[in-house]
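Opening my notebook on this one.

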Amino acid sequence: VCRFLLLRSAASLTTRSLCTGGLPKDGRAPDMVDGNLVCFSVRNRLREIVGASTNWSDHKQAMAERVSLSSMLAKSQQELPVKTMKDSYLEVHLPLGSEPQLREKYLTFHNTVRFGRILEDLDSLAVLISYSHTYNPELKRSPLSIVTALVDKIDMRQHNIYPNCDIKFTGHVTWVGKTSIEAKMHMSQFQNGAYSSVLDATFVMVARDPENKRAAFVNPLKPDGPEEEKIFQEGEANKSRRVELSTASLLKVAPTNEEREIVHSLFLNTLDPKTVSFRSRVLPPNSEWMEDAKMKGLEICHPQERNIFNRIFGGFLMRKAYELGWANACSFGGRRPNLVAVDDILFQRPVDIGSLLLLSSQVCYTEGNYIQVRVHSEVFNPLTRQHNTTNVFHFTFSSDHEVPNIVPQTYGESMLYLDGKRHFNQTVQQ
Ligand SMILES: CCCCCCCCCCCCCC(=O)SCCNC(=O)CCNC(=O)[C@H](O)C(C)(C)COP(=O)(O)OP(=O)(O)OC[C@H]1O[C@@H](n2cnc3c(N)ncnc32)[C@H](O)[C@@H]1OP(=O)(O)O
């Protein structure tokens, strides 16, 4: 059951663009359902936009047909018409309150909404928003393959998502580069007669050619008015921040002086005062070694989890990583944790259908009631025994009581600790 319903888009152009593939055969405008403008599945719409097959057995033919769309790609960004933020504005309804059958898919044992399912919906919506921005009314199919490159940030505005109340998503493109698009989305839930904010999300999508091999140009974006100008400038600042963070990554450069002192003091705290040795390490009170705060999982990537480009759906990867990270935080803190923020989920490489996907979750930083978790995913080729990193995920959880201090033992673990601290400071202390 996929009832992720498209309610309305701001501009009539976009509304038309999104409806063409969904028009009934007699050419009538899409049905009004419960007073909503249009009502069909976001994922079905995405399939139509790119011409994806609905059966795995047809996927090769569908891909071969897409290759012929390469000639439709723009040679430069300037030849593409400028778009506004309104062109990509979408409002999508998830009727959990009114459709008990749909609710089953979203329900946790504890009568809350599965956040992993919300991640999947956000991912699909970010792709549809990007296709609305790049919509060309002269083409039946889009030549672009739009993939998720990064979940920059998801800030939770409330902990509980109720399974018996309707959900509304809104979002639009907020910034574009040459081949990349930033989309922001807002999720709210209908409670006590009004919608209240649940979360804000920022995704970065990248446009590729029909075969998903090379980058492809996207339409320029022109802010309309001071409010949109401000949003666009924020997008520009986000891009610079991302570049800065990546340059300062601990995988490339040494920690700062302050960070080195933190690592050394953690080290000194674990030395056994009874021995004059760098080797004998003792776990301080109320602490846990990082080595003992891990959880692992394996996914066999079946065709059922494919996206419209016949790779594994980014939302599925996020759901699996989130659930493992949540279980890791739950086991570490000894209670069910709440999600506070998601940041910097990097999609480094696509995951092929049939892959063995290894997921490892690690509690890498703690502070008071907070648990910072990092999930790393890699594909493992059993024939060549090669491992390749595909994604890195960062989740911040909070517990309703103080959690043990996490303590690194090795230099590598210390870097994970510092990286976790950086992510924590960015999301929680901002
Ligand atoms: C048929 C059944 C269907 C079932 C329905 C299922 C649901 C349907 C839902 C469908 C949902 C489908 C959705 C899915 O499931 S997508 C599946 C999940 N995502 C992926 O698999 C992507 C994996 N990663 C890659 O392929 C590459 O790393 C990409 C392509 C992302 C970049 O590769 P590469 O690094 O070689 O690219 P480049 O150097 O040419 O740069 C290109 C542009 O990208 C910008 N950039 C790059 N990285 C980042 C970054 N980290 N932050 C910000 N920006 C970044 C860069 O600045 C430049 O921008 P600009 O300066 O040109 O503007």
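This is a predicted model: local features need pLDDT of at least 70, side-chain atom pairs count only at pLDDT 80 or more; totals for chains, interfaces and linings use all residues.

Strand β3 covers residues 145-156 and strand β6 covers residues 194-208. They pair in the antiparallel sense, over 10 bridges.

Then I asked what else β6 pairs with. Strand β5, residues 180-191, pairs with β6 in the antiparallel sense too, and I read off 12 bridges there.

How many residues lie between the strands in the hairpin of β5 and β6? I found two. In that hairpin, N192 takes a positive phi near 45°.

On to the helices. I looked up α7 (residues 257-269) and α9 (residues 411-427). They pack at an angle of about 125°, and their axes are 11 Å apart. Angles over 145 degrees would count as roughly antiparallel and 65 to 115 as roughly perpendicular, so this one falls under the rest, oblique. That's why I wrote down α7 as oblique to α9. I also noted the handedness: α7 passes α9 in a right-handed crossing.

Which residues meet there? From α7 I listed E259, I262, V263 and L266. Facing them from α9 are S414, Y417, L418, K421 and R422. Sorted by class, the contact of α7 with α9 has five nonpolar, one polar and three charged residues.

Terms used: Residues are numbered from 1 along each chain as its sequence is written. Side-chain values use heavy atoms; hydrogens and water are left out. Axes are lines fitted to C-alpha atoms, for helices over the stretch in contact, and angles run from 0 to 180 degrees between N-to-C directions. Helices (H or I, at least four residues) and strands (E, at least two) are DSSP runs, numbered from the N terminus. Angles under 35 degrees count as roughly parallel, over 145 as roughly antiparallel, 65 to 115 as roughly perpendicular and the rest as oblique. A crossing is left-handed if the near helix is turned anticlockwise from the far one by less than a right angle, and right-handed if clockwise. Contact means heavy atoms within 4.5 Å. Ala, Val, Leu, Ile, Met, Phe, Trp, Tyr, Cys and Pro count as nonpolar, Asp, Glu, Lys and Arg as charged, and the others, Gly among them, as polar. Two strands pair if DSSP finds at least two bridges between them.
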